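This report examines a few loop residues in one protein model. Please look at the sequence and the structure before reading on.

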Amino acid sequence: MSNINNQTQDLYSIELVQNLDHEDAATVSGGAALELYDGSNFRNQLVQTNNGTGNVGDRVNDRTTSIVVNEGVWRFYTDSQFQGVSADLGPGRYANIGLGIIPNDSITSFRRIG
Ligand SMILES: [Ca+2]
Ligand SMILES: [Ca+2]
């Protein structure tokens, strides 16, 4: 019985996503252009967004350790208002940005550049 119930739920979820407009569907499926995580290997999501910001705010500031770029090229900065050390990342999954990309737990602003 539990297998049947699981299948029913999966089908319902797929139908729900298809009924949403493109932007909402992307949010439901985790498909925003950019995703920031507090932990390495994409643990503890901080933000998923399609927009840059001059200041990520206290909840997110200096916490990012891993990043998923689903779309575009983004520039990340250690200081607010696009100042400080920066690094550019195109589409890909970056499991630990502290390993040669930009210092761990430093990102304060970011914007899409391509
Ligand atoms: Ca972190
Ligand atoms: Ca910072």
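## Basis of the report

The model is predicted, so local features need pLDDT of at least 70 and side-chain atom pairs count only at pLDDT 80 or more, whereas totals for chains, interfaces and linings use all residues. Residues are numbered from 1 along each chain as its sequence is written, and chains are lettered from A and ligands numbered from 1 in the order in which they are written.

Most residues other than glycine have a negative phi. Asn41, although not a glycine, has a positive phi of about 55 degrees. This residue belongs to the loop between β1 (34-37) and β2 (45-49); strands are DSSP runs of E with at least two residues, numbered from the N terminus. Asn41 is exposed, having 10 other C-beta atoms within 10 Å; a residue counts as exposed at 12 or fewer such atoms, as buried at 20 or more, and as partly exposed in between, with C-beta atoms placed from the backbone.

Gln81 is not a glycine either, and its phi is positive, at about 55 degrees. The loop between β4 (74-79) and β5 (83-89) holds Gln81. With 11 other C-beta atoms within 10 Å, Gln81 is exposed.

## Asn104

Where does Asn104 lie? Its place is the loop between β6 (92-94) and β7 (109-112). Asn104 is partly exposed, with 16 other C-beta atoms within 10 Å.

Beyond its neighbours within four places in sequence, Asn104 is in contact with Thr65, Ile97 and Gly98; contact requires C-beta atoms, placed from the backbone, to lie within 7 Å. Asn104 and Arg63 are 41 residues apart in sequence, and their C-alpha atoms are 7.5 Å apart in space.

Key. Helices (H or I, at least four residues) and strands (E, at least two) are DSSP runs, numbered from the N terminus. Two residues are in contact if their C-beta atoms, placed from the backbone, lie within 7 Å.
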